[in-house]
Amino acid sequence: MLQPFSFNAVLRPSTRSSPTHYPEPEQELPELGIEQAAALVDHLADGPIETVGSSITVRTFQTADGVAADHDVPVLADEDIREVEFGLKGVPRDQWDARLGAILDAWLHGRERDNGFGGENSYEAKERWDRWWTRYVREHRTDKGTGVVVVHGAILALMLPEACTHEITPDFALTDIQSNAGIVEAHLNPNGTLACAEWNVGPATGVGVPVASAP
């Protein structure tokens, strides 16, 4: 964990984010997800966890709850950091990855951001993320310990390149899309800027991909 200032933000996708149009029938963590959530608890066991946040889905809340229980803090769930509401109705399941990849590629490279492709568009997702981020910074920028926020892969890939002070290129975000158990380690500075250092850290290994522009 980074320790130079006041706060360490660890943001990670849920152990299974189903990219269908929201709202959707809620699903609990599958067996693999439970194992991944347990690995996250072990990985963060010795950290100075002060706060734990989550999106509102059952799976993310379950993932966050293990960390929160281990450090005797509550889980604060927030609807504004739910997954991007992709419109995949009528798209065959075996075409989802290609469809989502094409949408994310367009948005991250500044194309068709006002096009929701049958779902939420990039500006709408950013509006709610920014609303959450403003609150989060206001409430936690002077914290001394670590904050854990359990969110989803697509919204992280879209929003962190803009939030991080160290450059995360669209190609980097697309190539190293967060795995179901991956962690982004970042430092929240008192002025509200976010310094991202490590990308897609595996809880079982503690190894991730360094953000190239980070010192």
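I began with contacts between residues at least 6 apart in sequence: 68% of them join residues at least 24 apart. The model I am reading is predicted.

**Entry 1. The chain as a whole**

I listed the secondary structure and found six helices and seven strands. Read along the sequence, their order is β-α-β-α-β-α-α-β-α-α-β-β-β. I then looked up burial: of the 215 residues in the chain, 53% are buried. The exposed surface comes to about 9900 Å², and carbon and sulfur atoms supply 52% of that area.

**Entry 2. Salt bridges**

How many salt bridges does a search of the whole structure find? The search gives nine.

I started with R135 and D78, whose side chains meet in a salt bridge at 2.6 Å, N to O. R135 sits in helix α4, residues 122-140, while D78 is in the loop between β3 (75-77) and α3 (96-108). The two are 57 residues apart, and the pair links distant parts of the chain. I noted R135 as partly exposed, with a relative accessible area of 24%. D78 has 18% relative accessibility; the cut-off for buried is under 20%, so D78 counts as buried.

Next I took D80 and R131, which form a salt bridge with their closest N and O atoms 2.7 Å apart. D80 is in the loop between β3 and α3, R131 is in helix α4, and 51 residues separate them. D80 counts as buried at 10% relative accessibility. R131 is partly exposed, at 39%.

Put together, D78, D80, R131 and R135 are linked in a network of salt bridges.

**Entry 3. Helix α1**

I checked the length of α1, residues 31-43. Its 13 residues reach 19 Å from the first C-alpha to the last, close to the 18 Å expected at 1.5 Å a residue.

Which residues of α1 are buried? I noted G33, Q36, A37, L40 and V41. Seen down the axis of α1, the buried residues fall within an arc of 145°, so they line one face of the helix.

**Entry 4. The disulfide**

The structure holds one disulfide. A disulfide is a covalent bond between the sulfur atoms of two cysteines. Here the cysteines are C164 and C196, with their sulfur atoms 1.6 Å apart. The angle about the S-S bond is -45°, and the link is left-handed.

Where do C164 and C196 lie in the chain? C164 is in the loop between α5 (153-163) and α6 (170-175), and C196 is in strand β6, residues 194-201. They are 32 residues apart, and the pair links distant parts of the chain.

Last, I looked up the accessibility of both ends. C164 is buried, with a relative accessible area of 7%. C196 also counts as buried, at 1% relative accessibility.

Technical notes
Residues are numbered from 1 along each chain as its sequence is written. This is a predicted model: local features need pLDDT of at least 70, side-chain atom pairs count only at pLDDT 80 or more; totals for chains, interfaces and linings use all residues. Side-chain values use heavy atoms; hydrogens and water are left out. Helices (H or I, at least four residues) and strands (E, at least two) are DSSP runs, numbered from the N terminus. Buried means under 20% relative accessible area, exposed over 50%, partly exposed in between (1.4 Å probe, protein chains only). Contact means heavy atoms within 4.5 Å. Accessible areas come from the Shrake-Rupley method with a 1.4 Å probe; for residues, only the protein chains shown count as cover. A salt bridge is a side-chain nitrogen of Lys or Arg within 4 Å of a carboxyl oxygen of Asp or Glu. The expected span of a helix is 1.5 Å times one less than its number of residues. The arc is that of the directions from the helix axis to the C-beta atoms. A disulfide is a pair of cysteine sulfur atoms within 2.5 Å.
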